[in-house]
Structures are given as C-alpha cells and as structure tokens.
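Subject: Structure for you to look at

Hello,

Here is the structure I said I would pass on. Please open it alongside this message.

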Amino acid sequence: MVATMVAGCSSDPVDVPPSVALPSTMSPSPEPRVESVTPSPRATPSPVPLTVDQAARRYLGIVRPYNIALERLEQAINGGQPVAVLRRRAAQVATANRTQIRHLTDTAWPRALRGPMGQLKAESLKAQRHWLLGARARARDALIQEVLNAARHDGKPAVGKIRTLLHLEQYDEDDYS
C-alpha cells in the first residue's frame, strides 16, 4: 500500500524492498484507505423577497401584537390601574416588541422597504430598554416616565414610509383597542 501511495505521486514506480517492515500502525490491509473529505459548506440562497401584497400582510401581522399590547397599556394607565397591572402591561409590550424586532429582522422584505424597516427595528431596539425599565418600575410616575421615553422611539417616520410603500392606511389606534 505504501508503494502505491508513493507511486501515485511520481511518474516512476517505486518498489518497497521486501525487507522493509511497515510500522504496526501501517500494516497492510486488504482494502485501501480513503480519506474522507468534508465538503465545503454551500451558501444557502437568500430567501426570495416578498411581493408588496405579501409584505403588507406580513407587516400587519408582525406589528399587530405590539400595537394591541401598547393600546392595553395606554388604557390601563388612563384607567388609573394599579402599578402592578401597569408593570404587567409594560412587560407584555416589551415581549411583543422583542418578538416584533425578531420578525422584522427575519423577513425578506422587498428592496424598497429594507431601509425603513431597518429604521423601525433600530427605534424599536432603543425603545426596548424603556419597556423593560417600565416593567420593573415600582412607582406609577416612574413607569409613566419610561413609557414616555419609549414613545420617543416609536419609529413614526419609518412607519409612515412603510405604510405608504405598502399602500396601507395610516396607523389608527382604534384598530387595536
């Protein structure tokens, strides 16, 4: 076997004299050894971007749970609910926001939407800190301050562009109450 392997790399055949003993780890075997080669990973093709109609339905489905949670928190605040209820509602908004960010990131948006979607994701990430702080607030005023801080990162300019590009009506909170 050694002679064959060496001969395979040269144009001249090489004979191994019979007096040469192979080390015990290289004892001849009836079947030639073949090194396995791990194939290089293949690039997975990028998912096909959604059509505008598909993107509109997907977008509305992604933002709906967040908008519902946000509307419930607003109603609880306006309704004078105890801080424990407000914290729970703020935690629900934080959870919905985190899920929304993940879905916005994982979706193959049409090219024209990628910029505004990136802006919305960035603003949602900034707001997330405040939703989490609101969920841990001990006092009503502190929680409301965090809600106001989060509201500064509502992504309104990006949402307006997204809704226009998707041929959707402007956001109406009554759709989620």
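Predicted model: local features only at pLDDT ≥ 70, side-chain atom pairs only at ≥ 80, totals over all residues.

**α4 and α5**

On the α4 side the contact is made by Ala127, His130, Trp131, Leu133 and Gly134, and on the α5 side by Leu143, Glu146, Val147, Asn149 and Ala150. Sorted by class, the contact of α4 with α5 has 6 nonpolar, 3 polar and 1 charged residues.

**α4 and α6**

Helix α6 is made up of residues 156–165. The axes of α4 and α6 also come within 8 Å, and they cross at roughly 150 degrees. An angle over 145 degrees counts as roughly antiparallel, so that is how α4 lies against α6. This crossing, of α4 and α6, is left-handed. From α4, the residues that meet α6 are Ala112, Leu113, Pro116, Met117, Gln119 and Leu120. Their partners in α6 are Ala158, Val159, Lys161, Ile162 and Leu165. By class, the contact of α4 with α6 has 9 nonpolar, 1 polar and 1 charged residues.

**α4 and α2**

Helix α2 runs over residues 52–78. Its axis lies 14 Å from that of α4, and the angle between them is about 20 degrees. α2 and α4 are therefore roughly parallel to each other. α2 passes α4 in a left-handed crossing. In α2, the residues at the contact are Ala55, Tyr59, Tyr66, Leu70 and Leu73, and they meet Leu113, Met117, Leu120 and Trp131 in α4. This contact of α2 with α4 has 9 nonpolar residues, no polar and no charged ones.

**Glutamine 100**

Which helix holds glutamine 100? Glutamine 100 lies in α3, residues 83–106. Its relative accessibility is 3%, so glutamine 100 counts as buried. Leaving aside residues up to four places away in sequence, glutamine 100 touches Ile62, Val63, Tyr66 and Ser124.

Regards

Methods:
Residues numbered from 1 in each chain as written. Heavy atoms only, no water. Helix = DSSP H or I, 4+ residues; strand = E, 2+ residues; numbered from the N terminus. Buried < 20%, exposed > 50% of the residue type's maximum accessible area, 1.4 Å probe, protein only. Contact = heavy atoms within 4.5 Å. Nonpolar A, V, L, I, M, F, W, Y, C, P; charged D, E, K, R; others polar. Axes fitted to C-alpha atoms, helices over the stretch in contact; angles between N-to-C directions. Parallel < 35°, antiparallel > 145°, perpendicular 65-115°, else oblique. Left-handed = near helix turned anticlockwise from the far one by under 90°.
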